[in-house]
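Please brief me on the structure below, by topic and in plain terms.

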Amino acid sequence: MRKLLFTLFMVFALSGCAGTITPTTNVVGTSGIDTSHVRRAGNACSYYLFGVLGPFGDNSVMRAAKDNGLSKVLYYDQSREYYFLFGRICNRVYGY
């Protein structure tokens, strides 16, 4: 029984290190984007524990726009941060 519990503990403890997310989205340059209309920006984040439990929170573009009073989203950016026990994914929206 101890070996089973230890094995399960190790699987959960080390699973955050095993998962990676490759960039599959369309990455574009910002040279053609007109940023003169940008008046505000807002964030929405969600958190993961051990790389497998979660997400906790809502990191959608709609949530970021609604919480920050944006009626029109011009573009958004996504960032991912990974720490020892948890990770954070944030969407930052720009608009007016």
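Asn91 touches Gly42, Asn43, Ala44, Asn59, Ser60, Val61, Ala64, Tyr76, Asp77 and Gln78, leaving aside residues up to four places away in sequence; contact means heavy atoms within 4.5 Å. This is a predicted model, in which local features need pLDDT of at least 70, side-chain atom pairs count only at pLDDT 80 or more, and totals for chains, interfaces and linings use all residues. Residues are numbered from 1 along each chain as its sequence is written, and side-chain values use heavy atoms, with hydrogens and water left out.

**Asn91**
- Asn91 is part of strand β4, residues 86–95; strands (E, at least two residues) are DSSP runs, numbered from the N terminus.
- Asn91 counts as buried because its relative accessibility is 5%; buried means under 20% relative accessible area, exposed over 50%, and partly exposed in between (1.4 Å probe, protein chains only).
- The side chains of Asn91 and Gln78 are joined by a polar contact of 3.2 Å. Such a contact is a pair of N or O atoms within 3.5 Å; within protein, one must be able to donate a hydrogen and the other to accept it, and residues adjacent in sequence count only if both atoms are side-chain atoms.

**Sheet**
- Four strands form an open sheet in the order β2-β1-β4-β3, with antiparallel pairing; two strands pair if DSSP finds at least two bridges between them.
- At the edges are β2 (53–56) and β3 (73–82), each pairing on one side only.
- The antiparallel strands β1 and β2 are joined by two bridges, and Leu49 has Leu53 in β2 as its bridge partner.

**Disulfide**
- There is one disulfide in the structure, a disulfide being a pair of cysteine sulfur atoms within 2.5 Å.
- Cys45 and Cys90 form it, with their sulfur atoms 2.0 Å apart.
- The pair links distant parts of the chain, with Cys45 in strand β1 and Cys90 in strand β4, 45 residues apart.
- The link of Cys45 and Cys90 is right-handed, with 110° about the S-S bond.
- Cys45 is partly exposed, at a relative accessible area of 22%, whereas Cys90 is buried, at 8%.

- Ala44, Ala64, Ala65, Leu70 and Val93 are the five residues of the largest nonpolar core, meaning a set of buried Ala, Val, Leu, Ile, Met, Phe, Trp, Tyr and Cys residues joined through side-chain atoms within 4.5 Å.
- Ser46 lies in strand β1, residues 40–49, and counts as buried at 0% relative accessibility.
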